[in-house]
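Work through the exercises below with the sequence and the coordinates at hand. A worked solution follows each task.

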Amino acid sequence: MIRNLTQRIHYSLSKKQHGSTLIICLIILLIMTMLGVTNMRSASMQMKMASNTQSRQNTFHAAEFALSAAEFNIINDGYDPIAAQPECSTNCYNEKCKDGLCFNGAFESGAILPECELATADATPYWLNKNIWNSAAFHQTVSIPNSDFDDAKYIVEFMCHVDKDESAECSILAPLDCAALYRVTSLAVSEDGLSRVMLQSTVAVNLNENKKMIEE
Amino acid sequence: MRSFKKKKSLRSFYGFSGCVKSAGVTLVELLVAMFIGLFILSGAVSVMVGSKNNFVMEQEVAFIQENSRFLAGELVHEIRMAGYFGCSTFNDLTNTLNHDAGDWMYASKGVQGYEVSDAGPSALPAEFSDARENTDVLIINRGESSESIRVSYHEVVKSRMRLSQTHGFNVGDILIVEDASCSNTSVFQMIGPASRSRWVEHAAVSPLSGSCSPARPDSDGVAYDCSGDIPGPLVKGYRFRPGSAVMAFKSSAFFVKNSDITGVSTLYRSGLERGRSVARELVGGVEDFQVIYGVDFGPAADGKIDRYYNATELKGLEVEYSWFDWRRVLNVRVTVVLKSNSRVYPSAHDVDLGGGFNANNYEYLSNTRYLYQKIVVTGNVRNRGGT
């Protein structure tokens, strides 16, 4: 009887001892696993965020590139009133935005500068029109050098005339105080199509600065 | 099966010899068992402590990285858009707000700044008096053009504009309206209606006229003092054409102070809400915020940056040269030092942040257990005429 009891005590004691280290170790292991899993999830989330940020940055710079290329072209080409007037034959600013050159307004042939009126209709702006970006006939493209990007797209709107600087007062009496205003909108889309960046800026070209202002 | 039997027979042998107690656990057995147990446990615990430290480190790195990414994006966006008030740089800006000339939130300079240790004629606005010593304040004023709403038509006689969609502006908000032709811009305060609608009402006595800047209605709100420029008392104002855009006037002042909630050094953004400036927490754990400005220096502007100055130096230049003002700032460089939430390193050590941006404190942080990161953000102020 006594032997039986001690044996039972002995068994349960030995079981308890072996088990406790094991169980504590298992609990520790469980905690470590949880820490590790959380860590891994947060790391992969961080990586996603970082790569999205980078993708967006790249897209932004692609759009920026198209924008500055377009700005450069406008300044380089200088001002040509014919381009927005009805008698224009090539590279014309038109209402449909063909070739990415848009102008919605009235600018009569032989008008006395700066007599030009933008249409006053409450129309959807050109850059919000999907067709313009989807169809190659209605925008221009710039290829982004040394990158995997598709060509960035841009459109140029002719916005009639404004004062050329702070002190100038543009009018029929003083056409040389005027500058022609162009609004450039560019759109770049990342390769995976997830980040899209649209940028817009305006460029003013003085009326007396006709073609080829920048020679070098 | 056989071994079990053997064990059992051994035990019964010991038990039979009468030595009942030692048959269970001898001292040596106990010590050995305890030693092995402790050895395994200490190994496991030290591995766990290591992995917990790792975990904390990882979390803190993530915290700092996230903050710095957000901050860099936010700051560079603000800097790029600084001074945007309509699509033409040289348009006629009419400011119909009745404010004090020194109010930072209604300035049209685009970029301004203060050093918190500043004193003198253009000292720090009282709002930033609890900002952290030796940090900087950066102020950006601009129109929120990416959230602009088109004007369907402008009823000058009723002093209101109908927008193309229901807007989220509130009564009291400061708004900008830029004409579709890019030739006129006005800054005004929305006075109605109180409920969500497509209408924006502006004060009848502040004609949203096109050709004077800045202007303010006089005390009885009738006449319109525009220091010699056109609009007289009877001018009804400019009719903004369909296709014009209405946007919020956004002013942001970035500064560092201890958080009201957590007590941690935090970057605040003070912005306009219903015509008043309200400071809100932006990013926690910002230890230092330093700004220098790339300036086109010289009597004639050439669109090129000649030197970087800090805010105090710029104020000195403003006093010294008549041709100089904040519009000559073409570029802003911001240095931010971010600090982790909790102690990361097991023992204190020195942190070298590369230095060179603050004469006072943060070239070298000594004896710290926190994790630090310095980020430098440089942005061009795009709305400065040049490219």
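**Exercise 1: a glutamate in a loop**

E144(B) is buried, with a relative accessible area of 11%; buried means under 20% relative accessible area, exposed over 50%, and partly exposed in between, with a 1.4 Å probe and protein chains only. The model is predicted: local features need pLDDT of at least 70, side-chain atom pairs count only at pLDDT 80 or more, and totals for chains, interfaces and linings use all residues. Residues are numbered from 1 along each chain as its sequence is written, chains are lettered from A and ligands numbered from 1 in the order in which they are written, and side-chain values use heavy atoms, with hydrogens and water left out.

Task: state where E144(B) is found and which residues it touches.

Solution. 
- Step 1, location. E144(B) lies in the loop between strand 3 (136–143) and strand 4 (149–155) of chain B. Helices (H or I, at least four residues) and strands (E, at least two) are DSSP runs, numbered from the N terminus.
- Step 2, contacts. Leaving out residues up to four places away in sequence, E144(B) touches M247(B), A248(B) and K250(B); contact means heavy atoms within 4.5 Å.
- Step 3, polar contact. The side chains of E144(B) and R142(B) make a polar contact at 3.1 Å. The term stands for a pair of N or O atoms within 3.5 Å; within protein, one must be able to donate a hydrogen and the other to accept it, and residues adjacent in sequence count only if both atoms are side-chain atoms.

**Exercise 2: salt bridges**

Task: find which salt bridge partner E157(A) has, and decide whether E157(A) is buried or exposed.

Solution. 
- Step 1, rule and total. A salt bridge is a side-chain nitrogen of Lys or Arg within 4 Å of a carboxyl oxygen of Asp or Glu. By this rule the count over all chains is 16.
- Step 2, the pair. E157(A) forms a salt bridge with R183(A), and the closest N and O atoms are 3.5 Å apart. The pair links distant parts of the chain, with E157(A) in strand 5 (residues 152–163) and R183(A) in strand 6 (residues 178–189) of chain A, 26 residues apart.
- Step 3, cover. E157(A) counts as buried at 6% relative accessibility, and R183(A) is buried at 11%.
- Step 4, chain B. R327(B) forms a salt bridge with D325(B), the closest N and O atoms being 3.5 Å apart. R327(B) is partly exposed at 39% relative accessibility, as is D325(B) at 28%. Elsewhere, salt bridges that share partners join E74(B), E78(B), R142(B), E144(B), K250(B) and R269(B) into one network.

**Exercise 3: the surroundings of strand 5 in chain A**

Task: list which strands pair with strand 5 of chain A, and in what sense.

Solution. 
- Step 1, cover. Of the 12 residues of strand 5 of chain A, 11 are buried.
- Step 2, parallel partner. Strand 1 (residues 101–102) of chain A runs parallel to strand 5 and is joined to it by two bridges; two strands pair if DSSP finds at least two bridges between them. L101(A) stands opposite V156(A).
- Step 3, antiparallel partners. Strand 4 (residues 140–142) of chain A pairs with strand 5 over three bridges in the antiparallel sense. Strand 6 of chain A pairs with strand 5 over nine bridges, also antiparallel.
- Step 4, one residue. Y154(A) is the bridge partner of Q140(A), and S186(A) in strand 6 is the bridge partner of Y154(A).

**Exercise 4: an open sheet in chain B**

Task: give the order of the four strands, and explain why one side of strand 15 and of strand 19 has no neighbour in the sheet.

Solution. 
- Step 1, order. The open sheet of chain B has the order 15-14-16-19, with antiparallel pairing.
- Step 2, edges. Strand 15 (307–309) and strand 19 (372–380) of chain B stand at the edges, each with a single partner strand, so one side of each is left without a neighbour in the sheet.
- Axes are lines fitted to C-alpha atoms, for helices over the stretch in contact, and angles run from 0 to 180 degrees between N-to-C directions.
- Strand 14 (residues 286–295) and strand 16 (residues 329–339) of chain B pair over nine bridges in the antiparallel sense. Within this pairing, Q290(B) stands opposite T335(B).
- Step 5, helices. Helix 3 (residues 27–81) of chain B packs on the sheet and touches strands 14, 16 and 19; its direction makes about 15° with that of strand 19. Helix 4 (residues 311–320) of chain B also packs on the sheet, touching strands 14, 15 and 16, and its direction makes about 105° with that of strand 15.
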